[in-house]
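Let's take a friendly walk through this model and look at its charged side chains. Keep the viewer open as you read.

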Amino acid sequence: MARMTAAQAAVEILKREGVTHVFGLPGAAINPFYAAMQTNGGLTHVLARHVEGASHMAEGYTRAKPGNIGVCVGTSGPAGTDMITGLYSAAADSIPILCITGQAPVSKLHKEDFQAVDIASIAKPLTKAATTVLEAAQVPGVFQQAFHLMRSGRPGPVLIDLPIDVQMTEIEFDIDTYEPLPVYKPAATRAQIEKALDMLQAAEKPLIISGGGVINADASDLLVEFAELTGVPVVPTLMGWGTIPDDHELMAGMVGLQTSHRYGNATLLESDFVLGIGNRWANRHTGAIDKYTEGRTFVHVDIEPTQLGRVFAPDFGIASDAKAALELFVQVAKERKEAGVLKDRSEWAAGCQERKGRLLRKTDFDNVPVKPQRVYQEMNKAFGRDTRYVTTIGLSQIQAAQMLHVYGPRNWINAGQAGPLGWTLPAALGVATADPEGQVVALSGDYDFQFMIEELAVGAQFNIPYIHVVVNNAYLGLIRQAQRAFDMDYHVQLSFENVNAPEVNGYGVDHVKVAEGLGCKAIRVYDPNELGAAFDQAKKLITDYRVPVVVEVVLERVTNVSMGGVGLDSINEFEPVALQASDAPTAVLNTLD
């Protein structure tokens with residue numbers, strides 16, 4: 001049997017489990033692992049500028065394609081604690097990533113050694129497993145179990161902490177006979193699916209809620225097939241956006257207090273039955289539970305049994321992987337359709353489309369400084385159906401979800417529950433690494449962009465091209481809007497007179513110079529009529545230079561974005577709504593006169 005260091009065994013297992021890319025930073029306590037990557041070969045390493053950035057790159061890499069598992073690596077102590085935000089974000093959205101940290105020698109763990117911290121205990125609440133490996137011979141089993149756990153049940157992250165002496169110890173290990181452990185996923189029974197369809201059949205105005213679990217299960221095609229068989233309109237959640245194309249006749253719009261459509265909320269409030277698949281009933285989706293559930297029957301399908309009843313008790317719950325459930329839903333629906341017993345839902349679906357065509361928000365503004373709605377209108381024009389949008393939190397994310405269009409799964413890549421500022425840029429690098437020939441467009445407000453702006457250098461160094469749209473109002477816009485309830489505007493302004501850049505007109509940071517200083521290309525836009533040309537130029541620049549390209553749009557300082565504070569029936573529309581077709585020229589369906 002072959003002898004190798006435990007670190008070399010770990011590297012070989014990563015490759016056997018399908019890993020091709022690793023994001024991280026070397027350091028003294030993890031150097032044996034880096035030595036193994038160098039001597040063994042087969043892994044492409046991307047050197048981050050911040051370890052939190054590496055964890056978000058791993059997230060973006062995982063989220064980009066079915067089966068991907070992003071891996072991030074750092075040294076002991078602060079490297080592990082820096083990854084905690086990435087672990088939180090991944091756990092919150094059911095994203096499998098593997099964090100590998102170095103550690104002080106086993107004999108020093110209780111001696112408060114330099115950069116020795118009990119990272120396993122810190123990470124445990126945010127992972128499916130967090131382990132400090134104390135015996136070198138256990139390294140293969142711990143890695144094998146890590147991949148099994150990440151893929152089984154509700155997906156999620158794992159952390160493995162490797163003391164430096166454990167990494168360097170030689171063990172007997174035969175990689176040629178290594179096999180990944182079988183993945184466990186609960187599956188619905190036919191009896192459960194029959195009952196759920198009986199309940200749907202009894203309804204007059206049913207809806208399907210399609211969550212991120214459908215994307216995780218790579219089951220979007222099945223979701224659309226099931227909707228078409230039954231004629232039931234679909235409401236994707238923010239994490240499930242793209243499971244049905246925005247221009248599909250059964251796409252009924254998104255629902256919620258913030259990232260929602262007026263027509264989506266109106267349709268949900270008209271419904272009498274909801275079948276949720278792979279969703280969590282997140283509070284930004286439901287708003288006030290009493291209003292959301294009033295007069296409706298609910299069936300909930302989720303891979304995690306403890307999610308059933310967590311927010312409210314469904315009338316019927318099914319613990320199942322979304323794909324396994326949808327395969328049965330399609331099968332049974334086909335049988336019932338062939339038997340002629342499925343209800344005709346065409347009138348209900350037509351009503352949903354009618355609302356979709358007339359309840360639109362205005363996007364066509366010629367104001368200078370630019371109104372943000374116009375940015376999303378021009379993005380709809382400039383970027384094609386296969387564009388992957390990447391974003392995290394803020395008014396930019398909320399309004400983008402209200403006005404952009406998404407046509408496929410994994411084309412809206414979003415930190416849904418955690419929403420950490422700074423996530424967008426490194427996550428976009430991870431997405432673009434996973435899909436180097438695809439069109440990746442990140443979207444940030446100025447504050448999100450500044451949080452981890454240094455990671456632009458990673459894209460320049462490793463030729464990872466993508467377009468980053470920065471909507472700059474020199475404000476913490478979402479917090480400013482929330483502060484209205486407290487009658488204040490306190491420490492949310494990012495504007496200042498930049499002595500080195502008077503051309504930014506008091507907006508503070510010169511993002512163009514910073515981006516160029518980090519090896520990227522950048523364009524600044526003041527006039528909305530120049531947006532189309534700027535996006536075209538950005539597409540040419542990423543082709544010519546193979547680096548990130550920043551398109552900064554200087555916005556009006558204050559825009560209050562449509563959102564509500566309590567229920568779906570009380571959304572505040574601060575801005576004009578579309579009254580005629582020209583008010584929303586890129587709406588996917590516009591029936592205004």
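This is a predicted model: local features need pLDDT of at least 70, side-chain atom pairs count only at pLDDT 80 or more; totals for chains, interfaces and linings use all residues.

A search of the whole structure turns up 31 salt bridges. Start in helix 3 (residues 51-64), where Glu59 and Arg63 sit 4 residues apart, about one turn of the helix. Their side chains form a salt bridge, 2.8 Å from N to O. Glu59 is buried, at 0% relative accessible area, and Arg63 is buried too, at 6%.

Other pairs reach across the sequence. Glu204 and Lys343 meet in a salt bridge of 2.9 Å, N to O. Glu204 lies in the loop between helix 9 and strand 9, and Lys343 in the loop between helix 15 and helix 16, so this pair ties together parts that are 139 residues apart in sequence. Lys371 and Glu575 also form a salt bridge, with their closest N and O atoms 3.2 Å apart. This pair links parts of the chain 204 residues apart. Lys371 is buried, with a relative accessible area of 7%.

Now turn to Arg410, in the loop between helix 18 and strand 15. Arg410 is buried yet has no salt bridge; Asp218, the nearest side chain of opposite charge, is 5.3 Å away. What lies 2.9 Å from a polar atom of the Arg410 side chain? The backbone oxygen of Ile215 does.

Finally, visit the surface: Phe486, Met488 and Tyr490 make a nonpolar patch of about 380 Å². Phe486 counts as exposed because its relative accessibility is 62%, over the 50% cut-off.

Key: Residues are numbered from 1 along each chain as its sequence is written. Side-chain values use heavy atoms; hydrogens and water are left out. Helices (H or I, at least four residues) and strands (E, at least two) are DSSP runs, numbered from the N terminus. Buried means under 20% relative accessible area, exposed over 50%, partly exposed in between (1.4 Å probe, protein chains only). Lys and Arg count as positive and Asp and Glu as negative; His and the chain ends are not counted. A salt bridge is a side-chain nitrogen of Lys or Arg within 4 Å of a carboxyl oxygen of Asp or Glu. A polar contact is a pair of N or O atoms within 3.5 Å; within protein, one must be able to donate a hydrogen and the other to accept it, and residues adjacent in sequence count only if both atoms are side-chain atoms. Patches are made of residues with over 30% relative accessible area and no salt bridge: like charges are joined within 9 Å, nonpolar side chains (Val, Leu, Ile, Met, Phe, Trp, Tyr) within 5 Å. Accessible areas come from the Shrake-Rupley method with a 1.4 Å probe; for residues, only the protein chains shown count as cover.
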